[in-house]
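Please look over the sequence and the structure shown here before reading on.

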Amino acid sequence: MWIVVKYDKKKIGLLVNELKNKFDDNLKIYNPKFKANFKLKNKTIENEFNLLRDYLFCYHKDFDNPYFVNILKFTKGVNNFVNGYKSSQKDIEQFINRCKKSENSSGYL
């Protein structure tokens, strides 16, 4: 089951490590990103942006169990969850599949 997590941008590395430690290898994390090029004077600057700003998708087969979601609530770096994720599983999967189809070889949209 997919969950939409709002996270603290400063603690994304800590969050990913905590999630990998708390859950087994079946945990999937998806955070769609894109690159933008800006021209400043005579220099071209490349910046990386998160499409969903401070939200990411987490998938684990046990997230339909409230116990596992409660564990995730108290993980360092997690601010909140988006409610209604259980009823929106089909929409979340469609969004993720569309993003993955439009990614390039580097993983950017």
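This is a predicted model: local features need pLDDT of at least 70, side-chain atom pairs count only at pLDDT 80 or more; totals for chains, interfaces and linings use all residues.

Residues are numbered from 1 along each chain as its sequence is written, and side-chain values use heavy atoms, with hydrogens and water left out.

**The sheet**

- An open sheet is formed by 4 strands in the order S2-S5-S1-S6, with antiparallel pairing; strands (E, at least two residues) and helices (H or I, at least four) are DSSP runs numbered from the N terminus, and two strands pair if DSSP finds at least two bridges between them.
- Because S2 and S6 stand at the edges with a single partner strand each, one side of each is left without a neighbour in the sheet.
- On average, and with direction ignored, neighbouring strands of this sheet are turned by 35° against each other, where axes are lines fitted to C-alpha atoms, for helices over the stretch in contact, and angles run from 0 to 180 degrees between N-to-C directions.
- S2 and S5 run antiparallel and are joined by 3 bridges, and isoleucine 29 stands opposite cysteine 58 in S5.

**Helices on the sheet**

- H1 packs on the sheet and touches S1, S2, S5 and S6, its direction making about 10° with that of S5; contact here means heavy atoms within 4.5 Å.
- H3 also packs on the sheet, where it touches S1, S2 and S5, and its direction makes about 75° with that of S1.
- The buried residues of H3 are Gln89, Ile92, Ile96 and Cys99, where buried means under 20% relative accessible area, exposed over 50% and partly exposed in between (1.4 Å probe, protein chains only).

**The nonpolar core**

- The largest nonpolar core has 23 residues, of which Ile3, Val5, Leu19, Phe57, Phe63, Leu72 and Ile92 touch the most other members; such a core is a set of buried Ala, Val, Leu, Ile, Met, Phe, Trp, Tyr and Cys residues joined through side-chain atoms within 4.5 Å.
- S1 gives the largest share of this core, 5 residues.
- Leaving aside neighbours within four places in sequence, phenylalanine 63 is in contact with residues including Met1, Ile3, Phe23, Leu27 and Cys58.
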